[in-house]
Amino acid sequence: MRNTIVSLLAVLFGLLAGALLMAVTGHNPFEGYRYLFEGGMRDISRFGDTLATATPLIFTGLSVAFAFRTGLFNIGAAGQMLFGGFCATAVGLTLDLSKPLMLVCTVLAGFLGGALWAFIPGLLKAKFNVHEVVSTIMMNWIAYWTIYYMVPAYFKGEYLETESRQLPDFASLKSPFLSEAFGGSYINLGIFLAVLAVIVIAFIINKTTLGYELKAVGFNRHAAEYAGIGVNRGIIVSMLIAGGLAGLGGVAEFTGNASNIQIGKLPTQGFDGIAVALLANNAPLGVLFAAVFFGLLYSGRGFMNAMTDVPPEIADSIIAIIIYFAATSILIERLVRKLLRIRADKREQSAEKGRES
Amino acid sequence: MDYVVEMLNIRKEFPGVVANDDITLCLRRGEIHALLGENGAGKSTLMGMLFGMYEPDRGIIKVRGKETIISNPNVANRLGIGMVHQHFKLVSNFTVTENIILGNESRKGLVIDTETASKRIRSISEQYGLNVDPHAKIEDISVGMQQRVEILKMLYRDAEVLILDEPTAVLTPQEIEELGKVMKNLIDEGKSIILITHKLKEIKAVADRCTVIRRGKTIGTVEVSTTSEADMAEMMVGRQVTFKVSKQAAKPADSVLRIDSLTVKNSKKVLGLKDFNLDVRAGEIVGIAGVEGNGQTELVEAITGLRKAESGSILYDGQNIVNWPIRTRIEKGIGHIPEDRQKRGLVLEYSIEENMILEVYQKRPFSKHGLLNKAAIRAYAKRIIESFDVRSGQGATSVTRSLSGGNQQKAIIGREIEQDPMLLIAVQPTRGLDVGSIEYIHKRLIEQRDKGKAVLLVSLELDEIMNISDRIAVVNNGELIGIVQASETSEHELGLMMAGLRGGEVAQ
Ligand SMILES: Nc1ncnc2c1ncn2[C@@H]1O[C@H](COP(=O)(O)OP(=O)(O)OP(=O)(O)O)[C@@H](O)[C@H]1O
Ligand SMILES: [Mg+2]
């Protein structure tokens, strides 16, 4: 409850600061925001786009949040997402199956690819106490260069060296039915997968012995060890799940929102996932809302840019400011407490006055 | 009267509990003022408010006669108030100097000036006879030394009023004596001290006056010299407390634990336990007596599996367990009340109920097919909370961190005894407990024995060892010096053995 208030306040302050920025740079903040939000929500098609933009963020946010709940800082969601997406693309371009079967295979491939990418840092941490921040960042670059080599070598597109062939329809998460229902939006089946992932992760964290073990390891590994919980196993399992989630983000991005994979890019959603998790205070349901909110800003900024002369970077700045406020939530919490105290004092005073008179 | 600190009619509420309800405590200049009360009575909370960690809901704090609002610890520092917390707050891979200047660093250009600081630390250390090496790393020094670092930290910041929250709970008897001397030195230099402790003997030895609180209310302030220990205990608990435990002679049966030439390395990779032999039988309590750091930790951790044995064997119920995983040892009936409750014993971020199933969560009825059964967990936790009188604001759902130190300890003891282990290893089980709780825990340990279980008791307190154990094994420098019958030994004999003199030599 208190955490929710803090997150909402962070968002509010971020928006206020954005308004200030717009005003200072000589734009009308009301107009700016109107178009920003209209751009993300004006009609069902735009809202579909917002959800589609949010989908990979939900996965990467969940990935970071889940790792964090178990005491690990997964900076490598970008690499896991890229490699997972690559695995899914490779499967989609190679196998020849019916659509349902194919989707099961691409999703599985994406999960496993991401999990593999996170397994290595997990193993390094468990066996040699190598800090995961360092090793996951290195894995990001290994993924980057692996894709840089693999795509032109084996999956080269017809015209461009720098991207893979287009996925056939039966290997894509796009669904004509869904697109039409959302008025031609590029929303796809990924969003259902993402919501399902939120539910599953929330369930694992709160209701299962696995979640109990992993959290215990994350909070206090000495106590976990004392209780006979396998600390090293916990670290590896947790990284596997986190990596798999990021890998699914790759599936959603590269076989859903897009229909091929490009080289020379680390997906930004990997890093935005950290922001999402932070704003969500690492709660799965919070991740869902935070990701959709960020998706809204990202998909609305183009419209804002088209309709006004507010630069689209304002949206990025707002996100950055929100992150600052979320990261310094302790300050906001203090503020909340102070406000509550002042209110309580006032109530007490008026109660006393009431008694006196 | 010249008071340095007056806390008048203080009230502080936490969710579900009134921790302080109209408490008054006045500290005279140059006195040692003891603060006594049951576990969870509100002592740490009261001192937390004097140190600016919480603000009182009601009441007035006056410092040197002037009413003040201490909104955070920096304000307290400026007012010359310093505090050593119940659980130390030192950075373990920093040096003493780095820890002391942390948050208060003086600079020379752009770099932190540690040289001048360590000189000053050395001179303060000499002035008060603290004997602290400013360049030692925290992780390398004993708990007693760490505590003196905490005291130094206050003195470095020119504290006039020193709050010590259960400073002696983690100290060896020798260290306690030294601390007593240090406190006298401090008083001679014009400082004033508030001392929280559960040990009435210490209050008698060093304090001038004593304020007793019970369940958040002041019971009264007494002159220590004219009040007996029994009277203070009664004021605090509200009934008479027996200090002696009554127990019948043990009826030991078969051996449960047989340790044979066990050798274990300590954390510095040198031998901490050498060629150790010990036998613990069903239906007896074997006490391990010794000065801290003489192999007790290595012994306990080797039995529980937290540390690898170099050589030798540990036979438990006839089987050699040296290579068993920790989980198996627990499941086969080895219970362990760990020495460090916050490091090993509890996940502080978990609620009490979650901590109560730390070792059994994977078993029925607490979980089935990997799913936790919240109702069964709650019922189980409630039972432990009730029988061991674990007090907290919100019962089973309270966050463990919010419990008072003594109540955290009671929760661990409850958890371990409730599993009814065949072998219970209790390390300093009553550390930080009030006299009433100690009485109860001792009773439960003996009950365990009478049910035919084996108990291995490790304690630094000779009184406890002598009162509870049937046999006493004395360790020194990682070696077994000898084993004596508790009924036939004396404090004097144990003392000599703890210093390393063999039983035979003592007898002559
Ligand atoms: N931060 C907190 N949040 C909620 N409840 C708290 C908090 N701190 C203390 N309490 C509650 O206030 C009561 C008093 O706790 P306190 O730590 O002051 O006891 P104490 O007298 O120091 O006990 P002990 O001898 O065991 O250390 C306890 O019931 C405890 O659960
Ligand atoms: Mg306390």
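Analyst: Two strands pair if DSSP finds at least two bridges between them, where strands (E, at least two residues) and helices (H or I, at least four residues) are DSSP runs numbered from the N terminus. This is a predicted model, in which local features need pLDDT of at least 70 and side-chain atom pairs count only at pLDDT 80 or more, while totals for chains, interfaces and linings use all residues. Residues are numbered from 1 along each chain as its sequence is written, chains are lettered from A and ligands numbered from 1 in the order in which they are written, and side-chain values use heavy atoms, with hydrogens and water left out.

User: Which residue in S21(B) is the bridge partner of His336(B)?
Analyst: Strand S18 of chain B, which spans residues 334-337, pairs with S21(B) in the parallel sense, and four bridges hold this pairing. Within S21(B), the residue that partners His336(B) is Ile425(B).

User: Which residue of S22(B) stands opposite Ile425(B)?
Analyst: S21(B) is also joined to strand S22 of chain B, residues 454-458, through five bridges, and these two strands run parallel. In S22(B), the residue that stands opposite Ile425(B) is Leu456(B).

User: Which residue just after H9(B) takes a positive phi?
Analyst: Helix H9 of chain B covers residues 296-304 and is mostly covered, with eight of its nine residues buried. Among those buried residues are Gln296(B), Leu299(B), Val300(B) and Thr304(B). Just after the helix, a positive phi of about 95 degrees is taken by Gly305(B).

User: Which residue in S17(B) stands opposite Tyr316(B)?
Analyst: The open sheet has four strands of chain B in the order S14-S13-S16-S17, with antiparallel pairing. Its edge strands, each pairing on one side only, are S14 (271-281) and S17 (319-320) of chain B. Strand S16, residues 309-316, is joined to S17(B) by two bridges, and the residue of S17(B) opposite Tyr316(B) is Gln319(B).

User: Which helix gives the most to the lining of the largest cavity?
Analyst: A cavity is a set of points on a 1 Å grid over the protein atoms alone where a 1.4 Å probe fits but cannot get out, and lining residues have an atom within 4 Å of a point. The most, with three residues, is given by H10(B).

User: Which helix gives the most to the lining of the second largest cavity?
Analyst: About 40 Å³ of space lies in the second largest cavity, which is lined by Gly144(B), Arg148(B), Leu171(B), Glu175(B), Leu179(B) and Val182(B). Two or more of these lining residues come from each of helix H5 (143-156) and H6 of chain B. The helix that gives the most, with three residues, is H6(B).

Key: Buried means under 20% relative accessible area, exposed over 50%, partly exposed in between (1.4 Å probe, protein chains only). On a 1 Å grid over the protein atoms alone, a cavity is a set of points where a 1.4 Å probe fits but cannot get out, and a pocket is an open set with protein on both sides within 12 Å along at least five of seven lines; lining residues have an atom within 4 Å of a point. Grid points are joined across faces, edges and corners, and a volume is the space filled by probe spheres set on the points.
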